[in-house]
Amino acid sequence: MDRAIWRKSTGSFVRYNCPRCGKGKLKTKTDSFVRLEPTHVTHKLEADELRGELSWGRFSGYLACSAVGCGELVVVAGDFEEHYHYQFDEDTGDPIEFTDTSYKPRIMHPAPPMIEVPKRLGKDAKEHMTRAFDLFWSDAGACANRMRIVVELLLDQLEIARRGPKGKRNNVRLDLSDRIDLLKDVRPGHDKALTALRIVGNTGSHEGVVEFEELLDCFELLEDALIELLERRRENLNAKAQRIIDRRGKNP
Ligand SMILES: [Zn+2]
């Protein structure tokens with residue numbers, strides 16, 4: 001995950017991956033961007049004598065995929081804020097004007113993928129993942145909750161039971177925390193990451209407040225867990241290294 005490109009507000013839209021083909025990058029269609037200032041903002045700026053210094057309101061626009069034959073369109077919309085700066089060129093004394101615009105997207109549809117999703121991940125889990133990318137822009141709590149569902153489905157795929165013995169009873173519904181414990185026995189090393197995803201996902205469904213940076217942490221943790229648990233990437237690399245050592249180790 002390229003964490004630095006996911007920001008709450010941005011001056012320009014970086015080249016996210018295309019949500020359709022995954023190969024192309026999204027480029028801003030500059031002429032499609034519209035910024036409108038609501039009347040109540042106009043009145044406020046006039047009352048405060050700030051007209052010409054700043055503005056804010058809503059924006060909408062399109063990003064287009066650069067891949068030949070794809071050209072997918074992503075619509076973005078949300079809030080904008082603009083500051084106007086006036087300076088003088090030190091040499092010529094000519095006035096220089098420039099505008100500093102920041103966009104805070106609330107909608108991106110279809111949403112660009114934020115993490116690498118292994119091909120092996122089940123169809124249902126992939127659908128929840130896509131919804132998590134969508135919800136990232138509009139509802140952090142709901143987004144965290146979708147990631148929690150992906151964890152449940154990932155455990156299904158890894159054949160971790162949904163029912164089993166608990167306390168004095170033999171066959172009860174196991175909650176996510178029990179299932180993470182079961183995973184720890186067969187595939188150790190992932191329980192901390194999955195527990196963090198479980199807790200933040202719960203916050204999302206009950207109290208509703210999930211911080212932006214925390215959400216990015218969750219995406220990072222989920223990406224690593226998916227890749228390691230489904231593709232065993234680190235294990236495979238270690239095995240590769242071991243084969244080299246075995247082959248050449250005799251003559252270091
Ligand atoms: Zn594309």
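Predicted model: local features only at pLDDT ≥ 70, side-chain atom pairs only at ≥ 80, totals over all residues.
Colleague: What is the phi of E159 like, positive or negative?

Modeller: The phi of E159 is positive, at about 60°, although E159 is not a glycine.

Colleague: Which peptide bond is cis?

Modeller: The bond from H109 to P110 is cis, with omega near -10°, and P110 has its place in the loop between β5 (95-109) and α2.

Colleague: Switching to the helices, at what angle do the axes of α2 and α3 cross?

Modeller: The axes of α2 (residues 123-138) and α3 (residues 140-157) cross at roughly 165° and come within 8 Å of each other. Angles over 145 degrees count as roughly antiparallel, and therefore α2 and α3 are roughly antiparallel to each other.

Colleague: And is the crossing left-handed or right-handed?

Modeller: α2 passes α3 in a left-handed crossing. On the α2 side the contact is made by D124, A125, H128, M129, R131, A132, L135 and F136, while α3 brings in A142, C143, R146, M147, I149, V150, L153 and L154.

Colleague: How do those residues divide into nonpolar, polar and charged?

Modeller: The contact of α2 with α3 has 12 nonpolar residues, 1 polar residue and 3 charged ones.

Colleague: On to the strands, then: how many bridges join β3 to β4?

Modeller: There are 11 bridges between β3 and β4 (residues 73-88), and the two strands run antiparallel; within this pairing, Y62 stands opposite V75 in β4.

Colleague: Which strand does β1 pair with?

Modeller: β1 (residues 26-28) is joined by 3 bridges to β3 (residues 54-65), again in an antiparallel arrangement, and the bridge partner of T28 in β3 is L63. Strand β2 (residues 34-36) is also joined to β3 by 3 bridges and runs antiparallel to it, with R35 standing opposite F59 in β3.

Colleague: How many residues of domain 1 are in contact with domain 2?

Modeller: On the domain 1 side 7 residues are in contact with 5 residues of domain 2, and the side of domain 1 that touches domain 2 divides into 5 nonpolar residues, 1 polar residue and 1 charged residue.

Conventions
Residues numbered from 1 in each chain as written. Axes fitted to C-alpha atoms, helices over the stretch in contact; angles between N-to-C directions. Helix = DSSP H or I, 4+ residues; strand = E, 2+ residues; numbered from the N terminus. Parallel < 35°, antiparallel > 145°, perpendicular 65-115°, else oblique. Left-handed = near helix turned anticlockwise from the far one by under 90°. Contact = placed C-beta atoms within 7 Å. Nonpolar A, V, L, I, M, F, W, Y, C, P; charged D, E, K, R; others polar. Pairing = 2+ DSSP bridges.
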